[in-house]
Amino acid sequence: MSQETLSNLLHERRRFEPPAGLASRANVTADAYAEAERDPLAFWEKAAERLSWDTRWERVLDWDDAPFAKWFVGGRLNAAYNCVDRHVEAGRGDKVAYHWVGEPPGDTRDITYAELKDEVCRAANALVELGVKTGDRVAIYMPMIPETVIAMLACARIGAPHTVVFGGFSSQALVDRIHDCDARVVITADGGYRRGAPSALKPAVDAALRHCPDVRSVLVAKRTGQDVDWTEGRDVWWDDLVGRQSTEHTPEAFDAEHPLYVMYTSGTTGRPKGILHTTGGYLVGTSWTHWAVFDLKADEDVFWTAADIGWVTGHSYIVYGPLANGATSVMYEGTPDTPHKGRWWEIIQEQKVTILYCAPTAIRTFMKWGTDIPATFDLSSLRLIGSVGEPINPEAYIWYREAIGGGRCPVVDTWWQTETGQIMISPLPGVTAGKPGSAMKALPGVSALVVDEEGEPVGPGSGGYLVLTDPWPAMLRTIWGDDERYRETYWSRFPGRYFAGDGAKLDEDGDVWLLGRVDDVMNVAGHRLSTTEIESALVSHPKVAEAAVVGANDPETGQAVNAFVILRESAGDGGPDVVKELRDHVAKEIGPIAKPRAIMVVPELPKTRSGKIMRRLLRDVAEHREVGDVTTLADSSVMDLIKEKEGQAPAED
Ligand code: PRX
């Protein structure tokens, strides 16, 4: 698509109605909104009936002890049974659950529901042999391979909550998470394929476990065959242990509120928060939204969430939602440009993908690479495309719709969070129109408002803070081990309402536009990072006296990490070597995704009289703007010193 066509489309097309053909056979009709509004609990109860329960619930919601919710009170079910066994029992065992695509071309594997059931049973038996009991936490640090899904479901099957740590996180991040949830078993792999070469995972686990003496077993899947260090008595190969187990395992039904998993995410303070999701409500919320938002036709669709399982998007829409619905999914191991920049489009062509779900940062990258690349592949199998993780700018939306969706596929821009577990604000493709840049409206059964500082709802045409007014099934139940922090973080800013941390506005039609975070959380390439967490990592380096981090706008990644540091006197003058050292240090402490794009060594940081760093001014510098109002600074000349430094700052390496 030429720039001119894109500009014309941008100018002309502000609203896309649902395609007529889709509306007539969509899973959900417009009545759903009114139905849910009349009786939201009856609405979610109906959604729960799509699952298989061992014992039916007595009460849909217990909100008496708000903000601590209990959904489907008294109900009992097994998540793995719902995701796997019941499809096999219904005669769909031969249906493919995953078309797994490895990064090296040609390295593919199809896994049917029957095969998945056998493997999950084996892995569940293996965990039992390792002494894992119901309620024990298991850490999973894996690449994008089928064993990762199998490991998660095996945990769910025996009621051992998993905590999946994204493979791109550092060993230190793994240590923090293992400690926080006191995991005693780690499941990992020797490595995975990334950017055309094997990358290692096991060394990070070995390094982490030097600080985690309570971890007694490490189950290691073999993916690349690279050499690994081995700790006898602790480490065991997946193939040896899982391979010799029985494919029979009787799933036990757990309480609907039994913990399913803990997923760590960055908050406004240094320590990542362990977001707790429980079994019944989470499965109801993810399966219903997967079915409704993607208008899933389980017998026809090939669904692809192009995200890593280490994030909530992978948990909800690669694993639990699609499997609970008996869908066929694609799971891809590698990067979009290996071995060529058309890899995703080749996968869509080969696997006949009908629904693609990915992040705006990927779309903007593809846009930069040019329309010619997707144009050489057959993308006609696609019928619906989705976006998640950050605000999608109208240019990227239109490009996605035209260059990938061929102008015929509706785009669902879906807003949600690790905490919400399920999609919350999104068009319904057969019902709701789409507008480039807007997530449109809260799904049926979800109540969102945009409010002002005082918590008063704003009218059409105004902006404010996004809040959720009623509990929803897949909501987080608490922060692992810290009920007070849960209450304080989410339910205190606007008492009785869930504060999402996002700014939003309503347009003249009352549709919702998400504007990004209003707190110290950054969104870099769809990854959630905390400014304070990176600042803590920087000041943990012996050369750093003080640090301030801001997210600056970036055309590709949405935001980019920019750091300002004051060095200790002993550290010298802050040349490129120090900057590199500090960037590497952040990668080591948190992970490569948190590496600052730029670090500026400054003599002072702009602070108010009460000592608060004025990040707004640093953002002005990072975005190369005129610096804003400095009158509240304790010493307004600080900004002159920083601006002076700007010209000499060593940029990224
Ligand atoms: O700021 C919002 C942004 O991502 C944040 C949640 O990040 P995380 O918990 O990592 O989950 C990402 C995947 C669900 C939100 O607070 N966000 C997510 N989706 C959108 C979005 N911002 C705008 N539009 C979206 N569709």
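**Entry 1, a cavity lining.** I started with the second largest cavity, whose lining splits into six nonpolar, four polar and no charged residues. I'm working from a predicted model here. The names I jotted down for that lining are Leu77, Asn78, Ala79, Ala156, Gly159, Phe254, His258, Pro259, Leu260 and Thr279. The space inside comes to about 50 Å³.

How many cavities of 30 Å³ or more does the whole structure have? My search turned up three. I looked at the largest cavity next and got about 70 Å³ for it. I found 14 residues around the largest cavity, and Phe16, Pro410, Val411, Thr432 and Gly434 sit nearest its centre. Two elements, α16 (394-404) and β20, each give two or more residues to that lining. By class, I noted 10 nonpolar, two polar and two charged residues there.

I then turned to the ligand and found 17 residues surrounding it, with Thr414, Thr418, Asp502, Arg517 and Arg528 the closest. I sorted this shell into six nonpolar, six polar and five charged residues. At least two shell residues come from each of α12 (312-324), β20 (411-414) and β25 (512-517).

Which part of Thr414 lies 2.8 Å from a ligand nitrogen atom? I see a backbone N or O atom there. For Asp502, I noted a side-chain N or O atom 2.5 Å from an oxygen atom of the ligand. Asn523 also has a side-chain N or O atom 3.4 Å from a ligand oxygen. Last, I checked cover: on its own the ligand has 540 Å² of accessible area, and the protein covers 96% of that.

Note on methods. Residues are numbered from 1 along each chain as its sequence is written. This is a predicted model: local features need pLDDT of at least 70, side-chain atom pairs count only at pLDDT 80 or more; totals for chains, interfaces and linings use all residues. Side-chain values use heavy atoms; hydrogens and water are left out. A residue is near a molecule or strand if one of its heavy atoms lies within 4 Å of it. A polar contact is a pair of N or O atoms within 3.5 Å; within protein, one must be able to donate a hydrogen and the other to accept it, and residues adjacent in sequence count only if both atoms are side-chain atoms. Accessible areas come from the Shrake-Rupley method with a 1.4 Å probe; for residues, only the protein chains shown count as cover. Helices (H or I, at least four residues) and strands (E, at least two) are DSSP runs, numbered from the N terminus. Ala, Val, Leu, Ile, Met, Phe, Trp, Tyr, Cys and Pro count as nonpolar, Asp, Glu, Lys and Arg as charged, and the others, Gly among them, as polar. On a 1 Å grid over the protein atoms alone, a cavity is a set of points where a 1.4 Å probe fits but cannot get out, and a pocket is an open set with protein on both sides within 12 Å along at least five of seven lines; lining residues have an atom within 4 Å of a point. Grid points are joined across faces, edges and corners, and a volume is the space filled by probe spheres set on the points.
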